[in-house]
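Have the model open as you read.

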Amino acid sequence: MQLIFATNNPHKLFEVKSILSSNIKILSLKDINCTDEIPETADTLEGNALQKAHFIYDRYKQNCFADDTGLEIEALNGRPGVYSARYAGEGCNFDDNMNKVLNEMNGMLNRKASFRTVIALILNGKEYLFEGKVDGEILKEKKGIVGFGYDPIFQPAGFNKTFAEMATDEKNRISHRGRSIQKLVDFLKTINQ
């Protein structure tokens, strides 16, 4: 089976390829020569994932999937949520986003947070959604150098290290993206039998 993954993020592409089974070939946007800026204007993770998947499916007429991920912090009323990638503003980077979160949470005792990923699959014109979630807490400082995004400040529940301190395979076993991809894989196995 062949699927297009509607992302320009090389970190996400690497993570997904390392999780998916070898009988599913993943094509990147670069592989299909897609240089368009894919819109993400919905106000939910589900909406953004579907919007991105439809953008590719409608133009290339190939089965595809897209994801959207948000860090939801209890003390910040669920922020940054759907705006996680650009929380510090347009043109910001991962450090800018983490620094904004750390500044906003300065002095807060409630550090509870969740990472949530929603995958939208369009297979033969039909839509399917898969969600993965992991609970944890926001640390007071960055730890670790692996991963991307908010990984250095997010410590999953039951662990004494951040996502950025974990090996890729360890993170993939417990992460929000890993859990949503596993649901996608399990679904694809049922239709491939």
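Let's start with phenylalanine 187, which is buried at a relative accessible area of 18%, because the cut-off for buried is under 20%. Keep in mind that this is a predicted model.

Its partner is tyrosine 128, and the two make a tilted aromatic pair, with 4.5 Å centre to centre and 45° between the planes. Tyrosine 128 sits in strand β6 (residues 126–138) and phenylalanine 187 in helix α5, so the pair ties together parts 59 residues apart in sequence. Tyrosine 128 is partly exposed, at 24% relative accessible area.

Searching the whole structure turns up seven aromatic pairs. One of them joins phenylalanine 115 and phenylalanine 154 edge-to-face, 4.7 Å centre to centre with 65° between the planes.

Together with Phe163, they form one aromatic cluster.

## Charges over rings

Arginine 59 lies over the face of phenylalanine 55, 3.6 Å from the ring centre. Over at tyrosine 87, the charged end of lysine 100 sits above the ring, 4.3 Å from its centre.

## The largest pocket

The largest pocket has a volume of about 880 Å³. Its lining has 33 residues, with Asn9, Lys12, Glu40, Ala85 and Phe94 nearest the centre. The lining splits into 11 nonpolar, 12 polar and 10 charged residues. Which element gives the largest share? That's α1, with three residues.

Notes: Residues are numbered from 1 along each chain as its sequence is written. This is a predicted model: local features need pLDDT of at least 70, side-chain atom pairs count only at pLDDT 80 or more; totals for chains, interfaces and linings use all residues. Side-chain values use heavy atoms; hydrogens and water are left out. On a 1 Å grid over the protein atoms alone, a cavity is a set of points where a 1.4 Å probe fits but cannot get out, and a pocket is an open set with protein on both sides within 12 Å along at least five of seven lines; lining residues have an atom within 4 Å of a point. Grid points are joined across faces, edges and corners, and a volume is the space filled by probe spheres set on the points. Helices (H or I, at least four residues) and strands (E, at least two) are DSSP runs, numbered from the N terminus. Ala, Val, Leu, Ile, Met, Phe, Trp, Tyr, Cys and Pro count as nonpolar, Asp, Glu, Lys and Arg as charged, and the others, Gly among them, as polar. Rings of Phe, Tyr and Trp (its six-membered ring) pair if their centres lie within 6.5 Å; planes under 30 degrees apart count as stacked, over 60 as edge-to-face and the rest as tilted. Buried means under 20% relative accessible area, exposed over 50%, partly exposed in between (1.4 Å probe, protein chains only). A charge sits over a ring if NZ of Lys or CZ of Arg is within 6 Å of the ring centre and within 35 degrees of the ring normal.
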